[in-house]
Amino acid sequence: MRRVLTYGTYDLLHWGHIRLLQRAKDLGDYLIVALSTDEFNELKPGKKPSYHSYEVRKMMLESIRFVDMVVPETSWSQKVNDVHDLDIDMVVMGSDWEGSPRFEHLRDHCELVYLPRTEGTSTSQIRRDLLFEAIQYKAEAEAEEQGHKRQETARFAPIRDDQPHFPPPPRRG
């Protein structure tokens, strides 16, 4: 049986993740995902906190048919031990890790394969898109609120003696 291992955070799980997991599983018989713990993610420089907790991300990964086992990734240095302890034949990573010393040293212990990233999707892009939508939504809500305030102000503006007074039209509706 050919055992394959991959690493990742898998936050905001998307079709690029699913495609990577499917392609990794196609390279072997048994796929293990080493999932970064919340504590490990906090140690990574520049890494934003995960939206979902480790337990939620683990449950989502375990529900994917390509994934046979999920184990915690708690440090950068555990990889060689994982390869030996889990009897791994191949480590598979996305091509954004190609050439990284974090993985290249594994070539001495197993086969190492980098798969091309899925174009058109990434967790970072999803975060940016959601942030942009939230900003747009907030701006629209504030503009709508300001519009209501202007209408109320105009409707209830004090009447000056030097202006003719007309009652507001009846409300329809």
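# Briefing: a buried glutamate and the strands around it

Glu-73 lies in strand 3 (residues 69–73). This is a predicted model, where local features need pLDDT of at least 70, side-chain atom pairs count only at pLDDT 80 or more, and totals for chains, interfaces and linings use all residues. Residues are numbered from 1 along each chain as its sequence is written, and side-chain values use heavy atoms, with hydrogens and water left out. Helices (H or I, at least four residues) and strands (E, at least two) are DSSP runs, numbered from the N terminus.

**Glu-73**

- Glu-73 is buried, and its relative accessible area is 2%. Buried means under 20% relative accessible area, exposed means over 50%, and partly exposed is in between (1.4 Å probe, protein chains only).
- The side chains of Glu-73 and Ser-36 make a polar contact at 2.6 Å. A polar contact is a pair of N or O atoms within 3.5 Å; within protein, one must be able to donate a hydrogen and the other to accept it, and residues adjacent in sequence count only if both atoms are side-chain atoms.
- Leaving out residues up to four places away in sequence, Glu-73 touches Tyr-7, Gly-8, Ala-34, Leu-35, Ser-36, Thr-37, Phe-40, Lys-44, Gln-78 and Lys-79. Contact means heavy atoms within 4.5 Å.

**The whole chain**

- The chain has 6 helices and 5 strands.
- Read from the N terminus, their order is β-α-β-α-α-β-α-β-α-β-α.
- Of the 173 residues in the chain, 36% are buried.
- Among contacts with a separation of 6 or more, 65% link residues 24 or more positions apart.
- The chain exposes about 11700 Å², and carbon and sulfur atoms supply 53% of that area. Accessible areas come from the Shrake-Rupley method with a 1.4 Å probe; for residues, only the protein chains shown count as cover.

- Strand 1 (residues 3–8) is mostly covered, with 6 of its 6 residues buried.
- In a regular strand the side chains alternate between the two faces of the sheet.
- Arg-3, Leu-5 and Tyr-7 point one way from strand 1, while Val-4, Thr-6 and Gly-8 point the other way.
- Strand 1 runs parallel to strand 2 (residues 30–36), and 6 bridges join them. Two strands pair if DSSP finds at least two bridges between them.
- Gly-8 has Leu-35 as its bridge partner in strand 2.
- From strand 1 the chain passes through helix 1 (residues 15–26) to strand 2, in a right-handed β-α-β crossover. Right-handed means that, with the strands pointing away from the viewer, the path from the first strand over the helix to the second runs clockwise.
- Strand 1 also runs parallel to strand 4 (residues 90–94), with 2 bridges between them.
- Here Val-4 stands opposite Met-90.

**Strand 4**

- Strand 4 is mostly covered too: 5 of its 5 residues are buried.
- Met-90, Val-92 and Gly-94 lie on one side, Val-91 and Met-93 on the other, and both faces are covered.
- Strand 4 is joined to strand 5 (residues 111–115) by 5 bridges, and these strands run parallel.
- Met-90 has Glu-111 as its bridge partner in strand 5.

**Helix 3**

- Tyr-54, Arg-57, Met-60 and Leu-61 are buried in helix 3 (residues 54–62).
- These residues sit on the same side of helix 3, because they cover an arc of only 130° around the axis. The arc is that of the directions from the helix axis to the C-beta atoms.
- Their cover includes helix 1, strand 2, helix 2 (38–43) and strand 3.

**Phe-103**

- Phe-103 is found in helix 5 (residues 101–104).
- Phe-103 is buried, with a relative accessible area of 1%.
- Not counting residues up to four places away in sequence, Phe-103 touches Tyr-7, Lys-79, Val-91, Met-93, Trp-97, Leu-112 and Tyr-114.
- Phe-103 and Val-92 are 11 residues apart along the chain, and their C-alpha atoms are separated by 9.6 Å.

**Positive phi in a loop**

- Most residues other than glycine have a negative phi, and most peptide bonds are trans.
- Tyr-10 has a positive phi, near 50°. Tyr-10 is found in the loop between strand 1 and helix 1.
- Tyr-10 counts as buried, at 5% relative accessibility.
- Leu-12 has a positive phi near 50°. Leu-12 is found in the loop between strand 1 and helix 1.
- Leu-12 counts as buried, at 17% relative accessibility.
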